[in-house]
Amino acid sequence: MKTEAVDVDCTSNCIDPENLVWSEKTDQVVVNWGGPNGERFYKTVDIVYYNTLEDFVLKVKSTEDIANLLVDGNIVKDFSNPIPAGTWHTITFELDENWEACDEYGFELQVIGNGPTGGFCC
């Protein structure tokens with residue numbers, strides 16, 4: 001994750017090691033689909049993500065139950081019991097030891113549950 005820096009010192013816009021304040025980014029996708037009788041269904045998937053000094057943190061929530069989460073095509077949580085609708089789920093990835101404040105951490109997320117997959121690419 002990388003915030004848009006207004007000045008050269010990215011650390012002050014991305015991570016504040018003194019106060020442990022992380023600059024969060026958010027995203028949302030609304031997925032809709034039709035039923036066999038012409039009805040329309042919708043779900044909203046929200047994500048919040050940020051870097052700490054050692055980890056990349058990704059939080060996911062959907063208005064429908066989440067059955068599975070894939071990051072970069074890999075299952076990170078296979079739910080035998082789905083995450084209930086409206087519940088935040090947190091995934092943490094350890095950053096590479098050579099990572100520096102405000103380096104980009106790219107990911108592709110697929111949120112699988114009722115209806116079509118909600119996808120994010122950053």
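**Stop 1: H89**

Select H89. At 18% relative accessibility, H89 counts as buried, because buried means under 20% relative accessible area, exposed means over 50%, and partly exposed lies in between (1.4 Å probe, protein chains only). H89 is found in strand β8, which covers residues 89–94. Helices (DSSP runs of H or I, at least four residues) and strands (DSSP runs of E, at least two) are numbered from the N terminus.

Now show what surrounds H89. Leave aside its neighbours within four places in sequence. H89 is then in contact with L58, K59, V60, L69, K77, F79 and I83. Contact means heavy atoms within 4.5 Å.

A word on what you are looking at. This is a predicted model, where local features need pLDDT of at least 70, side-chain atom pairs count only at pLDDT 80 or more, and totals for chains, interfaces and linings use all residues. Residues are numbered from 1 along each chain as its sequence is written, and side-chain values use heavy atoms, with hydrogens and water left out.

**Stop 2: the whole chain**

Zoom out and colour by secondary structure. How many helices and strands are in the chain? There are one helix and ten strands. From the N terminus on, the order is α-β-β-β-β-β-β-β-β-β-β. The chain has 122 residues, and 34% of them are buried. Look at contacts between residues at least 6 apart in sequence: 50% of these join residues at least 24 apart.

Accessible areas come from the Shrake-Rupley method with a 1.4 Å probe; for residues, only the protein chains shown count as cover.

**Stop 3: a negative patch**

Select E54, E94, D96 and E97. These residues form a negative surface patch. Patch members have over 30% relative accessible area and no salt bridge; like charges are joined within 9 Å, and nonpolar side chains (Val, Leu, Ile, Met, Phe, Trp, Tyr) within 5 Å. A salt bridge is a side-chain nitrogen of Lys or Arg within 4 Å of a carboxyl oxygen of Asp or Glu.

Click E54. E54 lies in the loop between β4 (40–51) and β5 (55–62). Is E54 buried or exposed? At 54% relative accessibility, E54 counts as exposed. Leaving aside residues within four places in sequence, E54 is in contact with F93, E94 and L95. E54 and T92 are 38 residues apart in sequence, yet 9.9 Å apart in space, C-alpha to C-alpha.

Click E97 next. E97 is found in the loop between β8 and β9 (108–113). E97 is exposed, with a relative accessible area of 76%.

**Stop 4**

Select D72. The place of D72 is in the loop between β6 (66–71) and β7 (74–83). Check its backbone angles. Most residues other than glycine have a negative phi. D72 has a positive phi of about 55 degrees although it is not a glycine. D72 is partly exposed, with a relative accessible area of 46%.

C121 and D72 are 49 residues apart in sequence, but 9.1 Å apart in space, C-alpha to C-alpha. C121 sits in strand β10 (residues 118–121). At 64% relative accessibility, C121 counts as exposed. Which residues does C121 contact, leaving aside its neighbours within four places in sequence? They are F107 and E108.

**Stop 5: A67**

Select A67, in strand β6. A67 is partly exposed, with a relative accessible area of 30%. A67 and P82 are 15 residues apart in sequence and 4.7 Å apart in space, C-alpha to C-alpha. Apart from neighbours within four places in sequence, A67 is in contact with D78, F79, P82, I112 and G113.

**Stop 6: V29**

Finish on V29, in strand β3 (residues 25–34). Show T44 as well. Not counting residues up to four places away in sequence, V29 touches K43, T44, V45, G118, G119 and F120.

Terms used. Lys, Arg positive; Asp, Glu negative; His and termini not counted. Charge placed at Lys NZ, Arg CZ, Asp CG, Glu CD.
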